[in-house]
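Here are my notes for your review. Please read them beside the coordinates.

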Amino acid sequence: MATDALGWADVEAAGGIRAWVDAEVARQGLADPGATSAMTDAENKLYKARRDEERKVRRELYRRAWQAYRRAHVVHLGAGVFWHDTADVDRFDADDPEKRRQDSALPSLDDVAALAGALGLSIPRLRWLAYHRDVDTGTHYHRWWVPKRDGSKRLISAPKPELKAVQRWITREVTEHLPVHGAAHGFLVGRSIVSNARVHAGARVIVKLDIRGFYPTISMRRVKGLLRRAGLGEQVATVMALLATESPREQVATHGKTYFVATGPRSLPQGAPTSPSITNALCLRLDCRLSGLARKLGCRYTRYADDLTFSWHGDARPQVGALLRGVAMIVRAEGFEVHAKKTRVMRAGARQKVTGLVVNQAPAERPTTRVPRVTQRALRAAIKNRELGRSGKGETLEQLKGMAAFVMMTDAARGRALMARLDRLIAARDQAGGQP
């Protein structure tokens, strides 16, 4: 029997798996002619041997046909994940999905086969990347913890190269095309911590709030719903949502093997290329409602990732209490929670910082947003020590150059001067063949 890879198109053309198997059995001359009472013992023995051979051939043909089906279909994506290989229109589709897709300039992806083709992956490879397991022997992510300012730790989950390439495609072709509110400043072209802070420069009162567990709060179901509302079908939205989310996992070693055990539902990983653009799009209604609250109370509003900032300027009367109550109600209604311990009210008489930048009223010759003086002094001291031949505190010249670029974002003249000094130090180091 031929053992070459069978194409599903051949099986489908024959009328399906059973029809293809019957045709192959007939082609090989093994179709059952039926037993008769007139058969001799020798004929009956030969008939039984032929039936045994037919059963053996049928089992092999069915195995090959189902292998072909699995090469062309997803079949299953793990426990708890709804999947059907038929890309049907259903009642959860958005109204006029094709118009919504075109309005956002999303690619035309009718089914999972089209998605796999756009990603340059086979169906089995795509299934492997998207498949959900509560207990797995491997993982598509590198994980580590970083300390937060309040002493707690933040989990960073960075996708491995193959999944990262897929997520970058989804980001570039899909999630970055979804509508975003003008109050959002994080991870958007032309916007930054500087544009976010500049809105609140010179304010009388600034109120800063933080959303608790921002990324873990955004579940796979919410991501899938966002993609469905954008006009993508059930199949494509399901697979994309799986590719963009992951469960928090605990590494467990037992019986000489290592397992990665899910400790919660799938959500956006902090460290995935897809997460920032998905959160910006998912927060569109949140931003609309908070902007409306800000207008009602006579203040300004911006959001940078999970940081919410409000400010009053001029003669507007600050209504801090009403703001805090309104924000808590809206944030809760949108499926999030305010981190009460991180709420800050900053008045003009004290230092006001927004996304790491000082925004207090400044003289005309100074930038409206500034890197804190303590940071600038530490950078100048580190550069001076290097110029005098002293060792630093463990930072490399490239890291110092990154800090100088941070200064240059708000004060171009000072930043360029610091960058020039660091460039001279780097050139001297490279010429001498020294270490960082």
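1. Helix α11 is largely enclosed by the rest of the structure, because 11 of its 11 residues are buried. Buried means under 20% relative accessible area, exposed over 50%, and partly exposed in between (1.4 Å probe, protein chains only). The buried set in α11 includes E234, Q235 and T238 as well as M240 and L243. Helices (H or I, at least four residues) and strands (E, at least two) are DSSP runs, numbered from the N terminus. The buried residues of α11 pack against α5 (112-119), α6, β2, α7, α10 (220-229) and α12 (275-282). Contact here means heavy atoms within 4.5 Å.

2. On provenance: this is a predicted model, in which local features need pLDDT of at least 70 and side-chain atom pairs count only at pLDDT 80 or more, while totals for chains, interfaces and linings use all residues. Residues are numbered from 1 along each chain as its sequence is written, and side-chain values use heavy atoms, with hydrogens and water left out.

3. The largest nonpolar core holds 66 residues, and M240, L243, F310 and V327 touch the most other members. Helix α11 (residues 234-244) gives the most to this core, with 8 residues. A nonpolar core is a set of buried Ala, Val, Leu, Ile, Met, Phe, Trp, Tyr and Cys residues joined through side-chain atoms within 4.5 Å. A second, separate core has 25 residues, including L357, V359, A382 and I383.

4. Look at F310. Leaving aside residues up to four places away in sequence, F310 touches partners that include H200, V205, I206, V207 and L209. Also among them are L290, R300, Y301 and V327.

5. The largest pocket has a volume of about 1400 Å³. Of its 42 lining residues, K148, R154, D210, D306 and K342 are the closest to the centre. Strand β3 supplies the largest share of the lining, 4 residues. Elements giving two or more residues include β2 (141-147), β3 (153-159), β4 (205-210) and β8 (307-312). The lining divides into 16 nonpolar, 10 polar and 16 charged residues. For the method: on a 1 Å grid over the protein atoms alone, a pocket is an open set of points where a 1.4 Å probe fits, with protein on both sides within 12 Å along at least five of seven lines, and lining residues have an atom within 4 Å of a point. Grid points are joined across faces, edges and corners, and a volume is the space filled by probe spheres set on the points.

6. Check the crossing of α3 and α6 (residues 123-130). Their axes come within 6 Å and cross at roughly 65 degrees. R70, R71 and A72 in α3 meet I123, P124 and R127 in α6. The residues of this contact divide into 3 nonpolar, no polar and 3 charged. Axes are lines fitted to C-alpha atoms, for helices over the stretch in contact, with angles from 0 to 180 degrees between N-to-C directions. Ala, Val, Leu, Ile, Met, Phe, Trp, Tyr, Cys and Pro count as nonpolar, Asp, Glu, Lys and Arg as charged, and the others, Gly among them, as polar.

7. Two backbone flags. V75 is not a glycine, yet has a positive phi of about 75 degrees. V75 lies in the loop between α3 (41-72) and α4 (97-103). F187, also not a glycine, has a positive phi of about 60 degrees. F187 counts as partly exposed because its relative accessibility is 46%.
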